Amino acid sequence: MPQLIFVPGPSATYFTLEDHLKSALKEQVMAISHRSPAFKGIYKFTVEQLRQLLDIPQAYEVVFTTSATEVWDRMAENLVDTHSLHHVHGAFSKKCAQAFQRLGKEAQMITAPEGTVALFDPKAVEAQPELIHFTANETATGVKHPMADLREAKKHFPDALIAMDVVSSTPTTPIPFEDLDSVYFSVQKCFGLPAGLGVWIVSPRAIAKAHALTVAGKVYPSYHPLLEMVDKGKGYQTIETPNTLNIYLLGKVAEDFRRKGVDVIRREAIYKNTILIKCFEDHPLLSPLVQEKDWRSDTVAVANVEGGSAPLIAYLKEKGLVVGAGYGKHKAAQIRIANFPTHSKEQIELLVDLIADWRP
Ligand SMILES: *Cc1c(COP(=O)(O)O)cnc(C)c1O
């Protein structure tokens, strides 16, 4: 019997994937030229579905990368000359800041203790940042950044670009595009698709900044300069031979999400999250890592397990349910559970019932 996978990425694939893979084979999606009208049609369809699903403003451009990790490098290269500011509350937000540093940027980190949010604090900022980075959902710890902070940051630094990693929260957590210039995600988290595709959404201000840096000769000439990606994207093309299959699948799943209704996805996520957190609170050996209610992720629930998480993980595995261990140095002490659109209410209820019965 296939296992039920609740690891936060890659996670269980979306339940319609099998059908879409079959259609992709039938339509020879993997064999078509990426310069053909058929490819342009796929690209256009996917971007239109994403625009409608996520309410992306028309003036913003959507381009494809290999992953979210790639976007870290591309933002550092195309949107920042010298200074960026990063809110770090776990491994992923930290890796982003480190990517900027590796590329020679002065990337300041504002760091918060694990299980809390690194809030914007104008007093802590050492130098005028060109880009301020936030992580909507820190997958390592299950904290959610309050969106009101984006506007605060913008108020204090109106010239800075505001960037947000929405990798493990989209489409569940709404994205306030009006406060954002650079937004990106990968498809193996909430979209339940195979890994290897990133989506990067940029505002006219971000494009203008990339233009200014390019004219000044300051953009590193990688194979993926933002301006060239945007230019190609306007003709529904990519620079390289892309992951056509995944672009196709993303369009199909975004369409499925729209048919289901993004509001329904959001409501279900809140229900599933509520019963997960309650289960952690009620169990004598478990406790939610994130204490502050408003900071709890909509899509990743993390619990400390007294005495270590390995016995609980093994017990669930025996019953065919796979949950994640803690991230990095917390591997042995915590469990992490994905609450993505593909995880049904019934599946989460089953998981919660099993955890409630567990005693080591
Ligand atoms: C998974 C994840 C990433 C990295 O995604 P890749 O597809 O591996 O590049 C970045 N940020 C967050 C918050 C993530 O959960």
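Let's start at Gly115, which touches Thr141, Val143, Leu289 and Val290 once residues up to four places away in sequence are set aside; contact here means heavy atoms within 4.5 Å. This is a predicted model, in which local features need pLDDT of at least 70 and side-chain atom pairs count only at pLDDT 80 or more, while totals for chains, interfaces and linings use all residues. Residues are numbered from 1 along each chain as its sequence is written, and side-chain values use heavy atoms, with hydrogens and water left out.

Gly115 is found in the loop between strand S4 (106–111) and strand S5 (131–135). Helices (H or I, at least four residues) and strands (E, at least two) are DSSP runs, numbered from the N terminus. With a relative accessible area of 4%, Gly115 is buried. The words for exposure work like this: buried means under 20% relative accessible area, exposed means over 50%, and partly exposed is in between (1.4 Å probe, protein chains only).

Next, have a look at the loop between S8 and S9, where you will find Ser169. Ser169 counts as buried, at 2% relative accessibility. Leaving aside neighbours within four places in sequence, the contacts of Ser169 are Ala136, Asn137, Cys190 and Thr299. Pro174 lies in the loop between S8 and S9 too, but Pro174 counts as partly exposed, at 44% relative accessibility. With neighbours within four places in sequence again left out, Pro174 is in contact with Met147 and Arg266. From Pro174 to Ile277 the C-alpha distance is 21 Å, and 103 residues separate the pair in sequence.

Side chains of opposite charge can pair when their charged atoms come close. A salt bridge here is a side-chain nitrogen of Lys or Arg within 4 Å of a carboxyl oxygen of Asp or Glu, and the structure holds 17 salt bridges. One of them joins the side chains of Asp181 and Arg205, at 3.0 Å from N to O. Asp181 sits in the loop between strand S8 (161–165) and strand S9 (182–186) and Arg205 in helix H6 (residues 204–215), so this pair ties together parts that are 24 residues apart in sequence. Asp181 is buried, with a relative accessible area of 4%, whereas Arg205 is partly exposed, with 33%.

Other salt bridges stay inside one helix. Asp282 and Lys278 meet through their side chains at 2.6 Å, N to O. These two residues are four residues apart in helix H9 (residues 262–282), so about one helical turn separates them. Asp282 counts as exposed, at 52% relative accessibility, and Lys278 counts as partly exposed, at 48%. In another group, salt bridges that share partners join Glu70, Arg74 and Glu77 into one network. Glu70 and Arg74 are four residues apart in helix H3, and so are separated by about one helical turn. Glu70 counts as buried, at 8% relative accessibility, and Arg74 does as well, at 7%.

Helix H3 leads on to the ligand. Helix H3 (residues 68–79) gives the most to the shell around the ligand, with three residues. Of the 13 residues around the ligand, Thr69, Thr139, Asp165, Ser186 and Lys189 come nearest. What is the make-up of the shell around the ligand? Its residues divide into four nonpolar, seven polar and two charged. For this count, Ala, Val, Leu, Ile, Met, Phe, Trp, Tyr, Cys and Pro are nonpolar, Asp, Glu, Lys and Arg are charged, and the others, Gly among them, are polar.

Now zoom in on the ligand's oxygen atoms. A polar side-chain atom of Thr139 lies 2.4 Å from an oxygen atom of the ligand, and a polar side-chain atom of Gln188 lies 2.8 Å from an oxygen atom of the ligand. For Ser67, the distance from an N or O atom in the side chain to an oxygen atom of the ligand is 3.2 Å. Taken alone, the ligand exposes 390 Å², and the protein buries 88% of that; accessible areas come from the Shrake-Rupley method with a 1.4 Å probe.

Conventions: A residue is near a molecule or strand if one of its heavy atoms lies within 4 Å of it. A polar contact is a pair of N or O atoms within 3.5 Å; within protein, one must be able to donate a hydrogen and the other to accept it, and residues adjacent in sequence count only if both atoms are side-chain atoms.
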